[in-house]
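Please read the report below with the sequence and the structure at hand. Each section takes up one topic.

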Amino acid sequence: MPRSVHAWYGSGAVATGIFNTVPGLLLLIYLTDTLAVSPALAGPVILLPKLVDLLVSPYIGIWSDRTRSSWGPRRPWMLAGALTLPALFGAMFVGPPLEGNAAALYVAVVFVAAALASSVFQVPHAALPGEITSDYHERSTFNTWRTAFVGLALMLGGALAPVIQSAPGDEAAGYRLMGLVMGAVVLVSMLGAVIGTRRAPRPVFPHRTEGLLVQLRVAFAHRHFRVLFPANLLMATAGGTMVAGVPYVTANVMGEPGYTSVLMVCVLVPLIASAPLWKRWSVRVDKRRAAGCAAAVFALGGLGLLLIPVWGFPGAVFSSVLVGVGLSGTTLLPWSMLADCMADTHGSGQRQSGVLSGVWTSGEAMAQAVGTGLLSLSLAVSGYVESGAGETVRQSDEALRGMLIGSTLVPAVVMLCCLVPLAFYRLTADGSRSAPEPGAGREGASGV
């Protein structure tokens, strides 16, 4: 397909990347240090939207599988997400002047709505590569572009967002400004993906009438997806835990909140730069082995960050580079393997990409929340003290140790656990279907 289709498809990852990164990086500390929400309550606030998303995303996948449109089955859903998520994203940080339990309730309600809007876009977006190309390596090309744009999203959400947030003198005003700016970026990204993929093929598959439980059984009966899914959950959980811990470590352990943007840049530049290298490595050794190597590199970087009190800022920079290189592979390769699993389901001639992408998306959302929850648990257990806007609290040595371990050692161990399910993944270029599927065609202007 034209390179423009690859690139515009990848651009949609900016929106989902920002939506995952900014709440993962800033929402927990926004709740605990600006809105005076206790860590014990802040964790469930972040987890609740993911639980709702876990239940709804598979239905979004089924509904998009059943959609008949001159735009194809996926793009109408993507447009609906593009028209709702940006406003809800901004509203998470542009809210009434509340603190404590009332603030937690407001953020939880808006975050639930935003998570659903994100899934309306992300589930069909994730389904596209598995059904619009039968080429094993072109699916990696799609996800190489996606990974590069994920890196850009992380750069915007992980490096620029903290700078915007800290620009005004008032903390609450800084979060409001950041929410509005990032919401505008999300809008441009999502609309670009909807418009830019209009030249992609629009395959037609027989209509599926089975209910959710039946289709979920079929999805998890797919032997490759069954082992890839938990492996990706562990990878996403590890990444979510580490990202959420960055502002705590820079502000409390390193003593300089401005290091948040510096370390995020040290992660994100290697993440973007190494994506093509991971694709080439996957062609040489296969995607499963390349993903295992990426997980090991990430874990080494996490263990290096644990030693920040010993080797200081230079060691933190070096370890962050390792984390970025590893995160690039654990972002690109599982998504490419997911597209292979989607293509492998087409032997029946029935569309099931939406079901797989719905389960996958809800799992990733849950993993991000679990990662943040692990850090929130570490903070609560170690005695971290919450604060309101403008307040300064000196944390105990035990709290500092808890936040450092929760931000570095815990995600490194979780990442290494993904090697167990990955060992059972067997889908390769020789094992995936590459011929056009029976009954598959292209939708014309009539949507038939």
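## Helix α9 and its kink

Helix α9 has a kink of about 40° at Ser 274, shortly before the proline Pro 276. The bend at a residue is the angle between axes fitted to the seven residues ending there and the seven starting there. With 27 residues, α9 reaches 37 Å from its first C-alpha to its last, close to the 39 Å expected at 1.5 Å a residue. The expected span is 1.5 Å times one less than the number of residues. Helices (H or I, at least four residues) and strands (E, at least two) are DSSP runs, numbered from the N terminus.

The model is predicted: local features need pLDDT of at least 70 and side-chain atom pairs count only at pLDDT 80 or more, while totals for chains, interfaces and linings use all residues. Residues are numbered from 1 along each chain as its sequence is written, and side-chain values use heavy atoms, with hydrogens and water left out.

α9 is followed by Asp 286, whose phi is positive, near 90°. Asp 286 sits in the loop between α9 (259–285) and α10. Is Asp 286 buried or exposed? Asp 286 counts as buried because its relative accessibility is 17%; buried means under 20% relative accessible area, exposed over 50%, and partly exposed in between (1.4 Å probe, protein chains only).

Ala 36 also is not a glycine and has a positive phi, of about 55°. Its place is the loop between α1 (3–33) and α2 (39–65). Ala 36 has a relative accessible area of 27%, so this residue is partly exposed.

Arg 289 belongs to helix α10 (residues 287–306). The relative accessible area of Arg 289 is 47%, which means partly exposed. Between Arg 289 and Leu 419 there are 130 residues in sequence, and 9.5 Å in space, C-alpha to C-alpha.

Ser 382 is part of helix α12 (residues 353–382). Ser 382 is buried because its relative accessibility is 7%. A polar atom of the Ser 382 side chain lies 2.7 Å from the backbone oxygen of Ser 378. Apart from neighbours within four places in sequence, the residues in contact with Ser 382 (heavy atoms within 4.5 Å) are Ser 396, Glu 398, Ala 399, Gly 402 and Met 403.

## Aromatic pairs

Rings of Phe, Tyr and Trp (its six-membered ring) pair if their centres lie within 6.5 Å; planes under 30 degrees apart count as stacked, over 60 as edge-to-face and the rest as tilted. This rule gives 13 aromatic pairs. In one of them, Phe 19 and Phe 111 have ring centres 5.9 Å apart and planes at 65°, so the pair is edge-to-face. Phe 19 in helix α1 and Phe 111 in helix α4 (residues 100–132) are 92 residues apart, so that the pair links distant parts of the chain. Phe 19 is buried, with a relative accessible area of 3%, and Phe 111 is buried at 1%.

What kind of pair do the rings of Tyr 30 and Phe 93 form? The pair is tilted because the planes are at 50°, with the centres 5.3 Å apart. Tyr 30 lies in helix α1 and Phe 93 in helix α3 (residues 75–93), 63 residues apart. Both Tyr 30 and Phe 93 are buried. One aromatic cluster holds Phe 19, Tyr 30, Phe 89, Phe 93, Phe 111 and Tyr 175.

## The whole protein

The protein has 15 helices and two strands. Of its 448 residues, 59% are buried.

How values were computed
Polar contact = N/O pair within 3.5 Å; in protein donor to acceptor, adjacent residues only side chain to side chain.
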